[in-house]
Amino acid sequence: LAQAEFGTAAALDAQQLSLRPLGAPADVVSDFSLQLQPGERVALVGPSGSGKSTVLEALAGWLPPRQGRVQAAAGLRVVLASQRPYLFHGSIADNLRLGEPGASQARLQQAAQAGQVMRFAQNLPQGLDTLVGERGLGLSGGEARRVGLARALLMEADVLLLDEPTAFLDAATEADLLQALNVHARGRSVVV
């Protein structure tokens, strides 16, 4: 996936990236370029292990490129909802507010609904106030991923980087999540 011309209006500009995840013996991505415009939606497609998650980590600033550069427009807020979000010991609500501590209860509920967290949290004894253990102990992998996604949505980012947000979801939950993301992402740049 590459776009040749550099536009001054780009929200996020990645040029000629060579990426090697920590501990990898060789680069998994070479000569990757992307110019993400405001409001644009882009899908990274490829087989498992082809470097899609690595690209998202580099775009988010989590992984410095071995070569090339990533530059975000001034004041731009870029958020990554990764496949393995970090959850700490605390309530689901506390974990959602990690990136936006001052978020109102209404915004918290809205993000939890959009991220499909309420699908399982409404059945828990204390709902969003239910305690989870370190690394999301007490939640399934899919539930933890939805908490990470809802946390990213709560942050009201200009650029959303979503690493396989619908993985491990049943068809109905996936459809609801895609519809909610479509609404939430209006006016935002998104890379999935």
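In which sense do β1 and β2 pair, and over how many bridges? The points below answer this and then describe the remaining elements.

1. Basis of the note. This is a predicted model, in which local features need pLDDT of at least 70 and side-chain atom pairs count only at pLDDT 80 or more, while totals for chains, interfaces and linings use all residues. Residues are numbered from 1 along each chain as its sequence is written, and side-chain values use heavy atoms, with hydrogens and water left out.

2. The pairing of β1 and β2. Strands β1 and β2 pair in the antiparallel sense, over five bridges. Helices (H or I, at least four residues) and strands (E, at least two) are DSSP runs, numbered from the N terminus. Two strands pair if DSSP finds at least two bridges between them. Leu19 stands opposite Val29 in β2, and the bridge partner of Leu17 in β2 is Phe32.

3. The antiparallel sheet. Three strands form an open sheet in the order β2-β1-β4, with antiparallel pairing. Its edge strands are β2 and β4, each of which pairs on one side only. From one strand to the next, the twist averages 15°; axes are lines fitted to C-alpha atoms, for helices over the stretch in contact, and angles run from 0 to 180 degrees between N-to-C directions. Helix α1 packs on the sheet, where it touches β1, β2 and β4, and its direction makes about 130° with that of β1. Contact here means heavy atoms within 4.5 Å.

4. Burial of β2 and α1. Six of the eight residues of β2 are buried, so this strand is largely enclosed by the rest of the structure. Buried means under 20% relative accessible area, exposed means over 50%, and partly exposed lies in between (1.4 Å probe, protein chains only). Helix α1 (residues 52-60) is also largely enclosed by the rest of the structure, because seven of its nine residues are buried. These are Lys52, Thr54, Val55, Leu56, Ala58, Leu59 and Ala60. The cover over the buried residues of α1 includes β1 (12-19), β2 (29-36), β4 (67-72), β5, β8 and β9. After α1 comes Gly61, whose phi is positive, near 90°.

5. The parallel sheet. An open sheet of four strands has the order β3-β9-β8-β5, and its pairing is parallel. The edge strands are β3 (41-42) and β5 (78-81), each pairing on one side only. Two bridges join β3 to β9 (residues 189-191), and these two strands run parallel. The bridge partner of Arg41 in β9 is Val190. Helix α5 (residues 141-154) lies across β5 and β8 (159-162), running at about 170° to β5.

6. The packing of α5 and α6. Two packed helices are described by the angle between their axes and the distance between the axes. The axes of α5 and α6 (residues 171-184) come within 12 Å and cross at roughly 15°. The two helices are therefore roughly parallel to each other, given that angles under 35 degrees count as roughly parallel, over 145 as roughly antiparallel, 65 to 115 as roughly perpendicular and the rest as oblique. The crossing of α5 and α6 is left-handed, a term used if the near helix is turned anticlockwise from the far one by less than a right angle, with clockwise giving right-handed. The contact is made by Arg146, Leu149 and Leu153 of α5 together with Thr173, Leu177, Leu181 and His184 of α6. The residues of this contact divide into four nonpolar, two polar and one charged. Here Ala, Val, Leu, Ile, Met, Phe, Trp, Tyr, Cys and Pro count as nonpolar, Asp, Glu, Lys and Arg as charged, and the others, Gly among them, as polar.

7. Val183. Val183 is found in helix α6 and, at 45% relative accessibility, counts as partly exposed. The C-alpha atoms of Val183 and Leu19 are separated by 32 Å, and the two residues are 164 apart along the chain.

8. Positive phi in two loops. Glu156, in the loop between α5 and β8, has a positive phi of about 50° although it is not a glycine. Its relative accessibility of 35% makes Glu156 partly exposed. Phe168 is found in the loop between β8 and α6; this residue is likewise not a glycine, yet has a positive phi of about 70°. At 72% relative accessibility, Phe168 counts as exposed.
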